[in-house]
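Me: Can you help me get oriented in this one? I'd like to go through it piece by piece.
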Amino acid sequence: MKKAVSMFLAAALAVGTFAGCGSSADTGSTGSAASTESGSTDSAADGSVFKIGGIGPTTGAAAIYGSAVMNAAQIAVDEINEAGGINGYQVEFKAEDDQSDAEKSVNAYNSLKDWGMQVLMGTVTTTPCIAVADKTAEDGMFEITPSASSTDVIENDNVFQACFTDPNLGTASAQYIGENKLATKVAVIYDSSDVYSSGIEATFVKEAANQGFEVVAEEAFTADSKTDFSTQLQKAQSEGADLVFLPIYYTEASIILNQANGMGYEPTFFGCDGMDGILDVKNFDTSLAEGLMLLTPFVADADDEKTQAFVSKYKELYGDTPNQFGADAYDAIYAIKAAIEEAGVTPDMSVSDIGTALTEAMTKISVDGLTGDGMTWEATGEVSKAPKAMVIKDGAYTAM
Amino acid sequence: MNFLSYLINGISLGSVYAIIALGYTMVYGIAKMLNFAHGDVIMVGCYIVFMTMSGQGWGAVPAVVLSIIVCTVLGIVIEKIAYKPLRKATPLAVLITAIGVSYFLENAALLIFGADTRSFTNVVTLPALKLAGGALTISGTTIVTFLACVVIMAALMLFIKKTKAGQAMLAVSEDKDAAQLMGVNVNATISLTFAIGSGLAAVAGVLFCSAYPTLTPYTGAMPGIKAFTAAVFGGIGSIPGALIGGILLGVIEILGRAYISSQLSDAIVFAVLIIVLLVKPSGILGKQVHEKV
Amino acid sequence: MAKLNLKSMKKSTKDHIITFAMVIVVYIIVQTMITTGNMSSLMQGLLVPMCTYSIVAIGLNLCVGYLGELSIGHAGFMCVGAFSSAFCTKLLQDSIQNEVILFLIAIAVGTVAAAFFGFLIGIPVLRLRGDYLAIVTLAFGEIIKNVINVLYIAKDENGFHFAISDGNKIELSEDGIWLINGAKGIAKIPHLSSFTAGVIMILVILFIVYNFVNSRTGRAVMAIRDNRIAAESVGINITKFKLMAFTISAAIAGAGGVLYAHNLSTVTATPTNFGYNMSIMILVFVVLGGMGSFRGSIIAAVILTLLPEVLRGLKDYRMLIYSIVLIVMMLFNWAPKCIEMRQRIAAKFKKSAKKEAA
């Protein structure tokens, strides 16, 4: 019996490896098929197209962020191709899932390398991004992350960010609250198991000491217990906080707003870019978010033409309103385009040559995107753009 | 006063755990398996209520009834396809298929409904109870959840005590082979248990999502594991134990968060669990099984 | 004639040789494929994870298959091994230049730390009868993950800084380094794991566990599994032997964690990598590979690590297909009807083979 099992498993292993070979051959052929479509007769290896890879969680608990990034990136790539590509070369984009796990992210990266990726737009979440940044540094591949916001991500020269760094947002939030005298007593509710949230929280509290307000409660939750926030809210209330800072994502924030309403606690709520999207949670009672302030580079109902075109296209294709993740990814793709044009690289160059050239070009470009006009990049990899303070009024974002 | 309101928060969280734990404990008691897919059946139930109420404009009652029916059928189907063929295999094999089913439901929901968060409409319209001049608030959802918990528990106990099918369940849980010899249809009894457990999951899901109104394909995973812990706390297999275990777990979690550390509340809950098990290995209301030589 | 020799050998010895041979042959094939450039980057990247999960699965198999105790917290031991060893290599990487020595120290630290926690949990729990180990290990896994997320340790010229729950309390000088930084975990871990190291670890661990299960101690452990009361009545010290097996099992999981941590440049304790989901995934390897068969564990770990990656072509459907394959594999392996059917087919094959031989 045991023998039969092991025999079966051995057979399955053999099948597995064959399937492995089969599938890698498959991707090779789809790659060439796609490039045939785009007008070339040879396979992609001859460098007729730019191949941009995207890595992010499209399944698992963080799928909402990864999907937004991949969808928006695809829109940007399609637009570029319609407009004649980059320097006349068409662009191919391929997204791989990493379930927001470092190890799977490296697998996704390797899989994209097999596909022939030349530039990486990813990864979406911070921890996997640190692991992948290590690999891109080894290969000299150019990498721009749409939304991994920790400063650890950009330690390597070849990695750039399209989003704010966590310390940046934490400091900016504290300064905004202090300068506008929004509150004297502030409570923070954050996710201590999440890098983004705990990163902002730490710098916020640090900067708060220099501003004219007091942090009266620092209450945490974790990925394993993020259903009930009544205790955290109650503590904030009993400490007399008149503003609650929420450096978290909107999924949890929607529960917090709901529970605060149930308790009859009505402080000012203040969020960061992760809060963008709260008005689009399906079936969410937007009156609960009335008066919520947030520092974000992007709001989906902004008046400018670019945002409106992007949002309507996104809605048409995917049936949802895009969030800030999507906008950052869209801008990241355009940043890649600008850098390629600046550096004048061609797809037939080696990955590391493209990487070096783009890394150099990155500090020279300026991009007008959805998340800011005239975005520029430091050699450290940080983006400089200004977060806008928004407040939700009558169920819509309004600039303050 | 603060303490009292923390306590009330704990009880409301706990009663949600308890109602999920009822489904776990019942299935474990009779089929001797940890049905890890239970949390995901809850998620399916929630999506059905969400879709019918906010998509089709149904009322709360028909939506919940439909959700119970669908979950019951789903429970029976899962049991037929994935668990029944393994009845004679090691319990571990069934545990693993349960994991497979859990992954399947999560990923199927992800494909069908997408990853985005939905805000669940509270199906409970009962107003909140205000005590001590408004200093203490007990939400309507908490009252309904707690009452539902007690009613379901009582109904289950009555069902097991008074009906033939219930007695058969008891017999199967005591000794499968002996029950078979006595003419109990073991297979049918276990299938019935799954059906009831899944129907309960629908009720639990609706109440859970009413209390904490977000819904994603992964909504069921974490409360599932917490509820399992609650069931162990109270003594797995014991129906009143699930209620007590759930409420205790909720209270410990909230008080730990309020008075010790909000970052370490998970660690506190599990540390208390370990201590309870060391003192009373079978859980608070669990039966000590005596070994036969 | 060689065949005859194999036949006259003790069955278990033969079994062990097959396992060792399998690992070595696979290693040689893979190395040739790499050097001849026939292996995709994806496959190359998967080699170390495959070794990691094989090792942890072997460890868990010792616990589940031989000791007969269910543990759903082996990811917790992996976590202990990963963090303690990464902490240690980060601390020592400036003073020890030789990578091999550094890695050996890391393995030693990770294994000992995991063994220590295994021992600590085992003392009270293994006295109890029933499924308690499962729940307590689950709880342990959750606790360790939670605690690591609030742990801050840093080092600069003024020595070590230590804080719980608030990283801001540490005032680090300019060139100080973070060793463990709360939810960010440990970053910039030297890349020490390799496929060769992984395979050597597997071989050494196989050697240890095979010797263990065939020793007097191992037989005592199996006696306890098969009939505790009978074992007790012949004078076997139940708790001692159980504790011994469980500690070894935890130590092996810790070794897997060491390999895991030094393969990626960063290690964090999240529900996906060290949560109960991972523990259960490892349990899947063990059950699917066959309880008590270390070879089976390795094969199952390899297949199930490969499967979701091989299915990448299916895009959004891959995890769905994966779950279906998992259910079908379980049914195929364990359902009595399937076993019967398989045996019938196997018998047919044997018959026709014999006919051909004749």
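Reply: What follows goes through one chain, one of its residues and one interface, in a model that is predicted.

Me: Okay, chain A to start: how many helices and strands does chain A have?
Reply: In chain A the secondary structure amounts to eleven helices and 15 strands.

Me: And what share of chain A is buried?
Reply: Of the 400 residues in chain A, 63% are buried. As for the contacts in chain A between residues at least 6 apart in sequence, 67% of them join residues at least 24 apart.

Me: Where is A:T346 found?
Reply: A:T346 lies in a loop of chain A, the one between α10 (324-343) and α11 (351-362).

Me: Why does A:T346 count as partly exposed?
Reply: A:T346 has 16 other C-beta atoms within 10 Å, and because a residue needs 20 or more to be buried and 12 or fewer to be exposed, A:T346 is classed as partly exposed.

Me: How many residues apart are A:T346 and A:D157, and how far in space?
Reply: In sequence A:T346 and A:D157 are 189 residues apart, while in space they are 21 Å apart, C-alpha to C-alpha.

Me: Switching topic, how many residues do chain C and chain B put into their contact?
Reply: Chain C contributes 33 residues to the contact and chain B contributes 32 residues.

Me: Which helices supply the chain C side?
Reply: On the side of chain C that touches chain B, at least two residues each come from α6 (132-148), α12 (276-289), α14 (318-334) and α15 (336-357), with α14(C) giving the largest share, nine residues.

Terms used: Residues numbered from 1 in each chain as written. Chains lettered and ligands numbered in written order. Predicted model: local features only at pLDDT ≥ 70, side-chain atom pairs only at ≥ 80, totals over all residues. Helix = DSSP H or I, 4+ residues; strand = E, 2+ residues; numbered from the N terminus. Contact = placed C-beta atoms within 7 Å.
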